[in-house]
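Please open the model in your viewer and keep the selection panel at hand, as this tour moves from one selection to the next.

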Amino acid sequence: MNVPRYWRSERTRYGLVGEICRSCGKPIFPPRDVCPHCTDEGQDVHPFGGKGQVYSFSTVYDAPAGYTEYQPYTVALIKLDEGPLVTAQLTDVDNEAVHIGMPVEMVTRKIKEEGENGLIIYGYKFRPVLESKSSRPDRF
Amino acid sequence: MREVSIIGIGQTQVGEIWERSLRDLAVDAIRAALKDAHLERVDALYVGNMLSGECIAQQHLGVLIADWAGLGPIEAVKVEAADASGAAALRMGYLAVASGVHDYVLVCGVEKVTDVDAETANAAWSSAMDAEYEAFQGVTMPALAGLLMRRYMHEFGVAREDFAPFAVTAHANGANNPYAMFRSPITAEAYAKAGMVAEPISMFDAAPLCDGAAAVVLCPRERAADLSNKPVHIRASAVATDRLAVHSRRDPLFLQAAYLSAQKAYLQAGVSPQDVDLFELHDAFTILAAMSLEACGFAERGKAVHLAKEGGIACNGRIPISTMGGLKARGHPIGATGVYQIVELALQLRGEAGANQIDCRLGMAQSLGGSGATAITHILEA
């Protein structure tokens, strides 16, 4: 695959950057030129906070080429705090521990490799929300 | 608009058909359908196919198949709507005859996936999804169905085992279909123990990708009786769509396109779900069978698994489905599947369905593209 297909959407994939519709005010992810709610064409760029909950999940045992490194991995529909659903892989997680309602946060990770000499593609995945540092025991 | 009838049907064996190429399969189905219709020529050919580009590096199927089937220099094009490509081709044929543009039309659905390895075929099938925002994340077609099934289990309080009747019924019916890929019954116990493909989707929740071709011949209803002893009439043809990606749908557990296309079809035919004697639905995954029944008005939301458990979907049930094995047991030759459904409905309505024959007058077929973003519904009458 050629590079433009990926850099074209870097902002969306690395930063979870979507839109707010100027006309109806609804958050949109992934970004598109015509609002899926009101069909208006005017949108403002909106970086999503990256926090949400698992709406549903499925563990893949038969991964496509380029994705076998992480097999078995869990894919999920994430309900972002701002509203939209996002389809994404979960990472840094025990597949057995995933449950509907689990709080997760967005991170940038390697998505796939296009063969030995091909591109390495990065993008958003979601992991369980890490506990804040203040709640951890002091080690030093 | 003219009324349209089916005067010829043909199908090939479904499965891993090593000895026949895509064009061979299509020609086999077409020749059988023409013979059944006692016709030698038609005005147009519409080919339903999804994967020929990715799987055998062949496009331009309309002319390829018209050429090899000996149909002459007629209008011939391929129609694509993912898994619903065959039903979309029927829709085009229906419109051509109903509008008066053509009198005799062939519709052929064909797929050839076993000329490449399963990984390549599955990747090609995944192009039914949103490539940028679903497949990109490593989501496979079974995983997409798994997301729906898990949420369905959560919202409606049902267990994975509750979906067993869909697979068991399909296999029981497929056992009596000589064209089916799988002809062995399975048990609920086997379903419970089946290996996972994309949890909670197991191999017994998922239809197999395979080869096959099916064809039908259409003509205006006023001429059908002169050409066929057992014409089958198309009472309704309706297409609706939803957001392509599951995450963009208002309610991922409700098949809005299936609902809308069924409602349009009921309105066109002047019937309600109670009038439908059998329903060939899109059971690419057990969860889609359940959601289709609910979207089309045969079960309340969250209740399709109960309908199945009570035997309501069996050949002697309230609304028989997958009567010749469905996608699950007959097999899912992607772009051909929508035409197989029509051929099987025609067999039922002509009283030629053998051991699985249902006492019927009105049958409905619904083909879904991908996870339900396209839904094409046809209602046929004997």
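A salt bridge here is a side-chain nitrogen of Lys or Arg within 4 Å of a carboxyl oxygen of Asp or Glu. With that rule in mind, and remembering that this is a predicted model, begin by colouring chain B by its two domains, domain 1 (4-118 + 210-232) and domain 2 (138-179 + 192-205 + 233-381). Their C-alpha centres lie 23 Å apart.

Next, select the residues where these domains of chain B meet: 42 residues of domain 1 are in contact with 36 residues of domain 2. The area buried between the two domains of chain B is about 3,200 Å², and carbon and sulfur atoms give 64% of this area.

On the domain 1 side that touches domain 2 of chain B, β1 (4-11), α4 (85-98), β4 (105-111) and β7 (212-220) each supply at least two residues, and the largest share, 7 residues, comes from α4(B). For a salt bridge to display, pick Glu352(B) and Lys230(B), whose closest N and O atoms are 3.1 Å apart.

Now select the largest nonpolar core, which has 90 residues, and among them highlight Tyr152(B), Phe163(B), Phe166(B), Phe285(B), Ile287(B) and Leu293(B), the ones that touch the most other members. The largest share of this core, 9 residues, comes from α6(B). Centre the view on Leu293(B), which, neighbours within four places in sequence aside, is in contact with residues including Phe166(B), Phe279(B), Phe298(B), Leu307(B) and Ile321(B).

Finish at Arg160(B), in the loop between α6 (141-156) and α7 (164-174) of chain B. Is Arg160(B) buried or exposed? Arg160(B) counts as buried because its relative accessibility is 8%, the limit for buried being under 20%. Beyond its neighbours within four places in sequence, the contacts of Arg160(B) include Met149(B), Met153(B), Tyr191(B), Pro200(B) and Asp205(B).

Technical notes
Residues numbered from 1 in each chain as written. Chains lettered and ligands numbered in written order. Predicted model: local features only at pLDDT ≥ 70, side-chain atom pairs only at ≥ 80, totals over all residues. Heavy atoms only, no water. Helix = DSSP H or I, 4+ residues; strand = E, 2+ residues; numbered from the N terminus. Buried < 20%, exposed > 50% of the residue type's maximum accessible area, 1.4 Å probe, protein only. Contact = heavy atoms within 4.5 Å. Core = buried A, V, L, I, M, F, W, Y, C linked by side-chain atoms within 4.5 Å. Domains from an automatic or database assignment. Buried area = accessible area lost by both parts, 1.4 Å probe.
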